[in-house]
Structures are given as structure tokens and as C-alpha cells.
Amino acid sequence: MHTVKPVGRAPSPRVFVVVLATCGLVASFMQTLVVPLIPAFPRLLNATPSDASWVVTVTLVAGAVVMPVSGRLGDLYGKRRLLLISLGFLVVGSVVSALTSSLALMVVGRGLQGCAMGAIPLGISIMRDELAPERVGAAISVMSSTLGVGGAIGLPVSALVAQNADWHVLFWASAGLGLVCGLLILFVVPESPVKTPAPFDYLGAVGLTAGLVCLLLPIVKGGEWGWGSGRTLGFAGIAVLILLVWGVYQLRRRDPLVDLRVSARRPVLFTNLASIMIGFALYSMALSFPQLLQAPGSTGYCLGLTMVQAGLCLAPNGVVMFLLSPVSARLIERYGPRTTLMVGATTIATGYVFATVLMDNAFELITASIIIGGGVGIAYAAMPALIMGSVPVTETASANGLNSLMRSVGTSTSSAVMATMLASLAITVGGVSVPSADGFRLSFVVAAGAALLGLVLTAFVPKQRQPEPLVAAVR
């Protein structure tokens, strides 16, 4: 298979990894880009709070839907090509959002930005195809960690811009970042020679998209619509029906969008289930910690920090995720990805237990967030290693896309559960509704439980015969 070489001489492996990881950071940054603006969107977009919430919801749903589809397209038609298309969606979506104050166009722009999430599983797969075996583990650890790092670092950056400049600047900046990443990919990253000679399953893609949209909408919007409402239950029922029919169709198709037989293998199945729990635990911190830091200090337990101060308090956990990537690679090499994922899940649970007991000042919350971030960094590095040690090389991108989808299902579920829990245990202080101290502690206990459930699910993953599954797979 012919490989499309980049312009100029071949880049060093370090430059290659840095470019792909940067693309991953920019893509994951889109998930939290507008979080500091959520309270102001009804005024900025002349919309009701319910309608304005779609600016966030559409990005989460689009990102979840596009990851498995873009992964399969990458396996078929070239991972570098699909990576460039993903970044193209990001740039177009950013420009659309930067030029409007209309809710409808903003939702369109944010949906296109969400399509950039396909860059992360594609980047992981390119690394497996292109790098020397001894470099694959560390590189994939770095790339996988960008799923958490981009969002964590993006929060304080977005808050700083939103507080000191016109809010449209955020979208112009994201357009510029996307354009720079696209140019770097063009000139640095070659097209992977590993492709699957098969037709694309268009009907399967439509079915999966419809099923995921109907599944994720009630999860994300259930608290607003009412968990027992006809709309929530109706979407959930339609999702179950569509996905069941889609599953039967995939099993009967010769070249399916998602090979369910491979996905049902014990290592892949339990890794994906554990990924849902780890994603749930990660997003719990993103929802609860900012509220605890920013809510009025008159409550006696909240800290009353500004938006920027709260963002800066949480930034170290993203840095720790990134810095622990090489450590994760060494753990995978020495003990295997299964044990590494178990270590990550245990570390996350430890961080939440710390927060449950000690949440009296910013230092304690920063410490808890660093512990949680470290656990997420270790766990996120181990997941693609487990997946790629268990699937054919021709299905790397689609398998990674499905695993990334499972993490998104976890974060979306966490968003719904935590928002409902904190709202139901709220108190009123000075006319402001604030989650109670018991509400925050309960959210930490639930998040710790999710991480421990991820630990239990990982225990059902069979031990790898060799401690270096990625190296064996690449050879």
C-alpha cells in the first residue's frame, strides 16, 4: 500500500508525536471551550436557558457520534485524510460561531467543532502504524491523555479570555489553532499505509448516528425534561429499538461499521465498560469542583473564588495528566495495560475519598484534583493499549473510536447524574441556590464508586501473555 509522504524530509519521532498530541489537545479543548460562558449565553444569544444549553449539548453529542464513524472511515480511506477533515470541521465551526450571535448558527458551529473529537482515536491509530515499536507505548500514552488534558487546561484559558475580552475571541482563537494543526499535519504526518480494502457501511453509519443521538439526548437533557417525561422515555425507547436493529444488521453484514464480534471479545468488552466508568469519574470533578470553588463563601464550605481563580485551581490536574503519560507507558511496559488501568482507577477513587474528607480550602481541593487527574492520565493511557492488543491492525482506528465513544457515554451520563444529584440537594444562601455540603460529598462518593466499579470491570479483562501488547501487535 502506498504511503503519502509529507513535504520535506521525514520528521523526528518526537516532532511527529508532538504534532499529533497538539491536535488532540485542541480537539478536546472544544468540549470545555464555552463552559465559562454558560451562565451568560441566554443573554448573549437572546435565548432561554433551556435553548442556550444546546450550545454545550450539541458538541458532546456530535463528538460522541463522530468518533466511531471517523475511525472506520480512517481505516478504509486513510487516517491522515480523515484527521485533516476533522480539523477542517473544527475550523469551519469555529468561524461560524465567531461570526454570529444567533443561537441557531451557534449550535451549528458548535456541532461542527464537536466533530473534531475524531482526531484523537485517529491520532492514536496513526502512531501505532507509523512509529517504531519501542516508541509506540509512550506516544499513545501522551495522545490518549489529551482527552482529559485539553479540557482541564482549556477551562482557565477560556475563563481568562471570556472575562477580559469579547467572547467571540474564543472562537477566532480556536479557528486559528485548528488551522495551525491542519498545516502541521500536512507537512509533518504521512498517510498511514495500513488500510482496509472494503466498502463503507453507510446504512450502518446512519443507524449508529440515529441510535446514539436518541440515547445521548435523554441522558444529557433528562434533568431538564424530567426523567419520567414522555420525551425522555420516548427517546430512550427509540434508542434501544434502533440500536438493537442496528446490532442485528451489523452481525449480518460482511464489512460492518463496527465488528461486534470483535467488540464482544472479553478484553475489548470489559475495557469499554471500564472506560464508561472512568469517563463518569473524570467528568464528576469537572462539574462539582468548579461549583465548590466559586459558590459564595457565606455558605461556610464554598470558597467564593472568581471564574478565573477557580479555573487556575483546576489547571494543575491537567498538567499532571500530561506529565504522567511517560510513567503510564513504563507501567504498561513493565506490568501490562490491565494492571495499569487498575492502578489508574484506584488512584481516581483515592482522590475522591480525599475530597470527601478534606474540602475545607483551595489547597485541599487542588490536591484532590491532582490525585484524580493523575489517575485519569494513567487510566486513559492504558485503555487504547488494551484495545489495540486485542483487535486486528486493520481495525485499529474504528476500535479506538468505539472506545472513545464509551468514554463520552460515561462523561455524558456523569453530566446528567451529577447535575440532578447536586440540584436535588441544594440549599438557598442569599437568594442563590447552591449544592449543600452533603450534596458535594455524595457526588464525590458516587464518583469514587464509579472508579471502583471500573476497577472491578478491569479485573475481568484477561491478563496479557506478554507485557508489551502494543509492540507485539505492531510487529
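## Aromatic pairs

Phe-41, Trp-167 and Phe-171 are joined into a cluster by ring pairs. Rings of Phe, Tyr and Trp (its six-membered ring) pair if their centres lie within 6.5 Å; planes under 30 degrees apart count as stacked, over 60 as edge-to-face and the rest as tilted.

This is a predicted model, in which local features need pLDDT of at least 70 and side-chain atom pairs count only at pLDDT 80 or more, while totals for chains, interfaces and linings use all residues. Residues are numbered from 1 along each chain as its sequence is written, and side-chain values use heavy atoms, with hydrogens and water left out.

The structure holds 7 aromatic pairs. One of them is the stacked pair of Trp-225 and Phe-235, with 5.7 Å centre to centre and 25° between the planes. This pair links distant parts of the chain, 10 residues apart: Trp-225 belongs to helix α10 (residues 202-225) and Phe-235 to helix α11 (residues 230-252). Helices (H or I, at least four residues) and strands (E, at least two) are DSSP runs, numbered from the N terminus. Trp-225 is buried, at a relative accessible area of 14%, whereas Phe-235 is partly exposed, at 25%. Buried means under 20% relative accessible area, exposed over 50%, and partly exposed in between (1.4 Å probe, protein chains only).

Tyr-352 and Phe-444 form a tilted pair, 6.3 Å centre to centre with 35° between the planes. Tyr-352 lies in helix α16 (residues 337-357) and Phe-444 in helix α19, so this pair ties together parts 92 residues apart in sequence. Both Tyr-352 and Phe-444 are buried.

## Charges over rings

Lys-221 lies over the face of Trp-54, 4.7 Å from the ring centre. The charged end of Arg-407 sits over the ring of Tyr-380, at 4.5 Å from its centre. A charge sits over a ring if NZ of Lys or CZ of Arg is within 6 Å of the ring centre and within 35 degrees of the ring normal.

## Helix α9

Helix α9 (residues 169-188) has 20 residues. From its first C-alpha to its last, α9 reaches 28 Å, close to the 28 Å expected at 1.5 Å a residue (1.5 Å times one less than its number of residues). Its buried residues include Leu-170, Phe-171, Cys-181 and Val-188.

## Ser-436

Ser-436 lies in the loop between β2 (432-435) and α19 (437-459). Ser-436 is buried, with a relative accessible area of 12%. Not counting residues up to four places away in sequence, Ser-436 touches Tyr-301, Leu-425, Ala-426 and Ile-427 (contact means heavy atoms within 4.5 Å).
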